[in-house]
Amino acid sequence: MLSKSVYAALNKHMNTELFSAYLYLNMSSAANEMGFKGVANWFSVQYQEEMVHFTKFYNYINSQGSQAVVDKMTKPASSFPTLLNFFEETLKHEQFITKCINELTELAVMEKDHATQIFLQWFITEQIEEEENDREIIGKLKMIGDNGYGQLMLDKELSVRVFVPPAATAA
Ligand code: FEO
């Protein structure tokens, strides 16, 4: 059973994960419109991963006998002037998510909610990988600069990313 404050915080964050999915869906179509099919693919996979994150929160809240509730969504950004901007915005957003997960964990510790602490462990690890991926691409884009050939090569590299559902979400 979740305390009132843990429930409210988990449900709020569940909606933030859904917002992340919407944001990356917009980024995918924006990249597609600019002709970067590989970048569009990368963000499409990112969208699918966020839906997994959202579903993990949804299932966890419900499994604890509480009711997961989807809220009205803030409109995500849909215009990104450069390739670098796509990934700088992504890193900024993921750093915000990391902060949210850390705050959720601190609340679960304060409330002595061990089950929620264990549930959040997966997300703590996931956020390390998320930020690392973004930083790596940003580094490459800074090296590439305005070089069109370099951008096309990176686009090709990002086209091979595939969505792999985490085993833990099979339940
Ligand atoms: Fe669900 Fe990208 O954090």
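This is a short tour of a predicted model, one selection at a time.

Residues are numbered from 1 along each chain as its sequence is written. Because the model is predicted, local features need pLDDT of at least 70 and side-chain atom pairs count only at pLDDT 80 or more, while totals for chains, interfaces and linings use all residues; side-chain values use heavy atoms, with hydrogens and water left out.

**Stop 1: H3 and H4**

Select residues 83-110, helix H3, and residues 114-144, helix H4. Helices are DSSP runs (H or I, at least four residues), numbered from the N terminus. The axes of H3 and H4 come within 9 Å and cross at roughly 160°. Axes are lines fitted to C-alpha atoms over the stretch in contact, and angles run from 0 to 180 degrees between N-to-C directions. H3 and H4 are therefore roughly antiparallel to each other (the term covers angles over 145 degrees). Their crossing is left-handed, which is the term when the near helix is turned anticlockwise from the far one by less than a right angle; right-handed is the clockwise case. The contact of H3 with H4 has 15 nonpolar, 7 polar and 7 charged residues. Here Ala, Val, Leu, Ile, Met, Phe, Trp, Tyr, Cys and Pro count as nonpolar, Asp, Glu, Lys and Arg as charged, and the others, Gly among them, as polar.

**Stop 2: H4 and H5**

To view the contact (heavy atoms within 4.5 Å), show Ile 137, Lys 140, Leu 141 and Ile 144 of H4, which meet Gly 150, Gln 151, Leu 154, Glu 157 and Leu 158 of H5. By class, that contact has 5 nonpolar, 2 polar and 2 charged residues.

**Stop 3**

Next select Trp 42, Gln 46, Glu 49, Glu 126, Glu 129, Glu 130, Asn 133, Asp 134 and Arg 161, which line the largest cavity. A cavity is a set of points, on a 1 Å grid over the protein atoms alone, where a 1.4 Å probe fits but cannot get out; lining residues have an atom within 4 Å of a point. H4 gives the most to this lining, with 5 residues. The lining divides into 1 nonpolar, 2 polar and 6 charged residues.

**Stop 4: Ser 66**

Finish at Ser 66, in the loop between H2 and H3. Leaving aside neighbours within four places in sequence, Ser 66 is in contact with Leu 2, Tyr 7 and Ile 61. Ser 66 and Met 34 are 32 residues apart in sequence and 43 Å apart in space, C-alpha to C-alpha.

Definitions and conventions:
Helix = DSSP H or I, 4+ residues; strand = E, 2+ residues; numbered from the N terminus. Parallel < 35°, antiparallel > 145°, perpendicular 65-115°, else oblique. 1 Å grid on protein atoms, 1.4 Å probe; cavity = no way out; pocket = protein on both sides within 12 Å on 5 of 7 lines; lining within 4 Å.
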